[in-house]
Amino acid sequence: MDLRRVIVTEEASKIIEMLKKEHGDLVFNQSGGCCDGTAPMCYEKGDFYVPSRNVKLGELCDCEFFIDKDQFEYFRHSQIIVDVKKEDAAFGNSFSVEIDHGYQFISKSRIFTDEEYLELKKSDS
Amino acid sequence: MAYTKPKFKEQYENFIGGEWIPPASAEYFDNISPVDGEVLTRIPRSNEADVDAAVAAGVLAFESFKNTSIVERSTLLNKIADAIEANLEQLAIAETLDNGKAIRETLAADVPLVVDHFRYFASVIRAETGTVADLDGDTVSQEVYEPLGVVAQIIPWNFPLLMAAWKIAPAIAAGNCVVLKPASATPMAILIMMEEIQAVLPKGVINIINGAGGKIGKHLATHPDIKKVGFTGETTTGQLIMQYATENIIPSTLELGGKSPNIFMESIMDKDDEFFDKAIEGLVLFAFNSGEVCTCPSRALIQESIYEPFMARVLERVKAISQENPLDPATKMGAQASKNQKEKILEYIKIGKEEGAECLIGGAEYKNETFPNGNYIQPTIFKGHNKMRIFQEEIFGPVLAVTTFKDEAEALEIANDTIYGLGSGVWSRDAHQLHNFSRKIQAGRVWVNCYHLYPSHASFGGYKKSGIGRETHMMMLNSYRHTKNILTSYNKNALGFF
């Protein structure tokens with residue numbers, strides 16, 4: 001049973017480690033809305049002011065991962081899997097730091113099983 | 001007969017100060033067509049030096065452009081409109097190949113709306129005046145308008161030409177100069193448009209820089225010579241733009257998407273007439289622009305008493321959506337704008353199935369035999385409930401989430417149960433219901449017995465997390481200018497304080 005709300009693929013973790021070497025500590029915030037929404041945005045720590053009521057979903061390679069508190073309501077039963085694409089698949093139009101290195105992080109999802117979700121609810125409360 | 005794919009230039013440059021300037025990095029990237037997966041052209045990969053050059057060109061141009069008369073600016077906007085109209089077909093083909101949308105949409109909607117947008121702002125600035133008030137017998141207050149300066153505009157990839165027009169037209173109508181960054185996936189048609197209008201355009205009034213968001217986006221948004229930022233895109237970048245705007249204390253306007261409810265009351269089926277036919281089309285408009293529209297009517301709420309017969313008729317209409325070749329005017333739905341976007345949509349289709357939604361039609365990619373390397377998805381309808389992620393998140397593809405309601409109260413509760421508030425639609429034969437219900441929806445645009453109309457003369461923008469500010473309509477001018485108050489006393493006597 002893997003109850004982590006956000007996990008990372010091996011390929012994406014390699015890119016995160018590479019970015020950390022150049023940019024220092026990073027922070028992730030799950031985006032929503034139009035165009036490149038539903039993707040995780042990655043910034044140098046301190047460059048993006050994480051809204052104080054955002055919910056921390058977990059950590060990727062020691063970087064905190066947040067989501068908007070209202071958006072979280074619809075992600076409660078999902079595990080986010082952060083993966084990465086090369087730029088030939090598409091350029092992101094965001095300001096996320098990996099974009100300039102020719103990559104784009106994406107969020108895939110797995111819906112928790114009923115059993116897992118019951119366990120998670122216990123730890124949420 | 002399908003249009004043939006023209007040969008485009010092998011490489012484009014940035015458009016700065018009226019000249020085509022190679023990027024400081026001397027680097028380019030391939031611009032890939034989502035129609036067939038082939039490279040269309042190469043686009044500059046800009047860096048901070050290019051941003052600085054573009055802003056400097058804007059600052060220089062503003063010195064004279066701010067003093068142009070309203071007549072001169074109106075004439076300029078009309079000349080831009082004429083040049084675009086004269087090349088309508090060429091631009092429509094370029095837009096279809098760059099973005100993937102069907103040619104019948106670019107010919108009939110995108111490019112004509114671009115032309116109209118410039119003409120609309122050419123007209124309204126001629127008719128508009130400031131205000132004067134006699135505050136008392138010898139004190140006169142004048143409200144006059146002045147442009148902000150150089151403004152930054154960062155636009156999305158779903159309507160590249162139209163979003164450029166929505167941002168550029170009011171900005172230059174108000175007397176500003178522009179630095180525009182097209183979305184890196186869809187810059188080509190905008191660059192072709194600049195070639196068409198460059199002869200009528202004063203140098204430096206519109207500057208275009210290309211490349212991915214990252215560093216140049218930040219450098220542009222925080223540049224001390226930028227006096228306003230307009231952005232269309234996703235929510236986190238919207239928040240970041242607002243944060244950057246605090247650095248120089250400048251305004252920003254944001255358009256960040258939606259999850260628009262399209263609500264069908266039972267009276268639509270009182271007759272099987274032309275209005276009912278219109279309502280069926282109104283629902284199927286979720287597939288317009290391959291679903292890549294901020295206001296996509298991506299949630300259909302149908303009164304339960306008519307659900308079965310209405311949906312039967314809807315599914316017939318969805319089955320008739322032809323896809324194959326976006327350059328064929330008979331094709332009803334084109335490609336998704338990128339491979340990544342296609343994969344994101346397929347991911348949501350998977351989530352919908354895992355969440356237990358019932359797939360009524362579609363639910364997979366479209367195997368395109370003509371263009372096996374293009375990005376195609378079948379129009380898809382899921383039935384489920386409003387707490388599911390496919391009902392709450394913007395998929396930005398031809399994926400509709402349908403649910404039913406018992407009465408008006410339930411319809412309203414579902415309609416407003418979303419973090420967004422951009423578009424919405426209400427369909428009914430009951431005039432009282434139409435009015436009362438429309439007023440209760442929390443969204444910047446309510447289409448009543450219609451959907452997906454975008455006249456220049458009607459305001460557009462969001463409530464809630466769909467953003468801040470309005471686009472289109474002459475009220476837009478005020479978000480691109482200062483109001484100066486000139487308060488004049490005609491009284492020769494001192495106040496008497498000192």
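Author: Welcome! In this text a helix is a DSSP run of H or I that holds at least four residues, and helices are numbered from the N terminus. The model we are looking at is a predicted one.

Reader: Which helix gives the most to the side of chain B that touches chain A?
Author: In all, 40 residues of chain B are in contact with 34 residues of chain A. On chain B's side, H7 (214-221), H8 (235-248), H11 and H12 each supply at least two residues. With 7 residues, the helix that gives the most is H11(B).

Reader: Are the axes of H4(B) and H5(B) roughly parallel or roughly antiparallel?
Author: The axes of H4 (residues 103-127) and H5 (residues 160-173) of chain B come within 9 Å and cross at roughly 10 degrees. Angles under 35 degrees count as roughly parallel. Therefore H4(B) and H5(B) are roughly parallel.

Reader: How many residues of the contact of H4(B) with H5(B) are nonpolar?
Author: Among the residues that meet there are B:Leu113 and B:Phe121 in H4(B), and B:Leu161 and B:Trp166 in H5(B). The contact has 1 polar residue and 1 charged residue, and its nonpolar residues number 13.

Methods: Residues numbered from 1 in each chain as written. Chains lettered and ligands numbered in written order. Predicted model: local features only at pLDDT ≥ 70, side-chain atom pairs only at ≥ 80, totals over all residues. Axes fitted to C-alpha atoms, helices over the stretch in contact; angles between N-to-C directions. Parallel < 35°, antiparallel > 145°, perpendicular 65-115°, else oblique. Contact = placed C-beta atoms within 7 Å. Nonpolar A, V, L, I, M, F, W, Y, C, P; charged D, E, K, R; others polar.
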